[in-house]
Amino acid sequence: MANSLKDKATGPQPEVTLDDDRDPIVVVDGLHIVYRVYGGGGGKGNAASALMRVVKREGRPQMKEVHAVKGVSFVAYRGDAIGVIGTNGSGKSTLLKAIAGLLPPARGAVYTAGQPSLLGVNAALMKDLTGSRNIILGCLAMGMTPEETREKYDEIVKFADLKPGFIDYPMNTYSSGMGARLRFAIAAARTHDVLLIDEALATGDAKFKRRSKAKIDELRKDAGAVFLVAHNLDVIEETCNRVIWLDDGRMRMDGDPDTVLGAYTEATGK
Ligand SMILES: Nc1ncnc2c1ncn2[C@@H]1O[C@H](COP(=O)(O)OP(=O)(O)OP(=O)(O)O)[C@@H](O)[C@H]1O
């Protein structure tokens, strides 16, 4: 039997159906995300444009809206590793941020069972501090106890596999690949209810990608669901059991990697 969820407050939305035999971890129901950009077109913040507004009798700087996600609905179940693909600006990062609870829906809703953790290219590590210090801070920030942090420390260093000695250098001396490895290694040290990975694996070399895949498989066993945004389709193909294709903020396809990646490659020539 299937249940349906509907956003009654906002009129008709695409329905999501729940598979009662599986454990839903994330329900995205008719989600719309709109960014509001104030002062677009140089309206705000300098004296000349303020004067122009007075001359033109414009009340206040123009506000522009960017409708980045347009009515996306799906359910992620326990054990799912979902790749999110789409061309630049199609809404992939926005969708992940919304699932992480960092952006308020303009319409619709996101329900998650447990705490989502977003591991992005800009994950908040302190560039001026050493890798070693960042491991400790990162683990504590993820809610691990000092003891758990100590226990996991060596495993994280080993997994990140940086050049010898670099763990004691400030992170601003790291290449982007090295930074991404360390971020991933820190995030992977804990079990996450919902782990959202935005391009963090993009800069890794082939060996690191293989090890990341093994790690994600391991996380999937304990975690609820893993989402992965990557432009590199090989990473998605190797890591995910399901792929969502976003096109201009809309869901174009949701299915198994072979079918969706095949259709995407055909449509975009990538
Ligand atoms: N902070 C922001 N303010 C205003 N508009 C934004 C903001 N972030 C993203 N956008 C817009 O929202 C749309 C979706 O952007 P998003 O970054 O989610 O796409 P993406 O698929 O992750 O792109 P890419 O592959 O280039 O990383 C784009 O039109 C983008 O210009």
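The model is a predicted one, in which local features need pLDDT of at least 70 and side-chain atom pairs count only at pLDDT 80 or more, while totals for chains, interfaces and linings use all residues. Residues are numbered from 1 along each chain as its sequence is written. Helices (H or I, at least four residues) and strands (E, at least two) are DSSP runs, numbered from the N terminus.

Let us stay with β9, residues 225-229. On one side, strand β8 (residues 194-198) runs parallel to β9, joined to it by 5 bridges. Strand β5 (residues 81-85) also pairs with β9 in the parallel sense, over 4 bridges, and here G83 stands opposite L228. Two strands pair if DSSP finds at least two bridges between them.

Is β9 enclosed or open? Since 5 of its 5 residues are buried, β9 is largely enclosed by the rest of the structure. A residue is buried if 20 or more other C-beta atoms lie within 10 Å of its own, exposed if 12 or fewer, and partly exposed in between, with C-beta atoms placed from the backbone. A225, F227 and V229 point one way from the strand, and V226 and L228 the other way.

In soluble globular proteins, nonpolar side chains tend to be buried together. Here the largest nonpolar core has 62 residues, and V84, I99, L196, V226, F227 and L228 have the most contacts inside it. Its largest share, 7 residues, comes from α5. Such a core is a set of buried Ala, Val, Leu, Ile, Met, Phe, Trp, Tyr and Cys residues joined through C-beta atoms within 7 Å. Leaving aside neighbours within four places in sequence, L196 is in contact (C-beta atoms, placed from the backbone, within 7 Å) with residues including L96, I99 and F227.

Next comes helix α3 (residues 131-141), whose buried residues are G131, N134, I135, G138 and C139. They cover an arc of only 130° around the axis, so they sit on the same side of α3; the arc is that of the directions from the helix axis to the C-beta atoms. Their cover includes α4 (146-160) and α5 (176-187). Just after α3, G143 takes a positive phi of about 95°.

Finally, we reach the ligand. Among the residues around it are Y35, V66, N88 and K92, counted by a C-beta atom, placed from the backbone, within 6 Å. Helix α2 gives the most to this shell, with 3 residues.

Definitions and conventions:
Contact = placed C-beta atoms within 7 Å.
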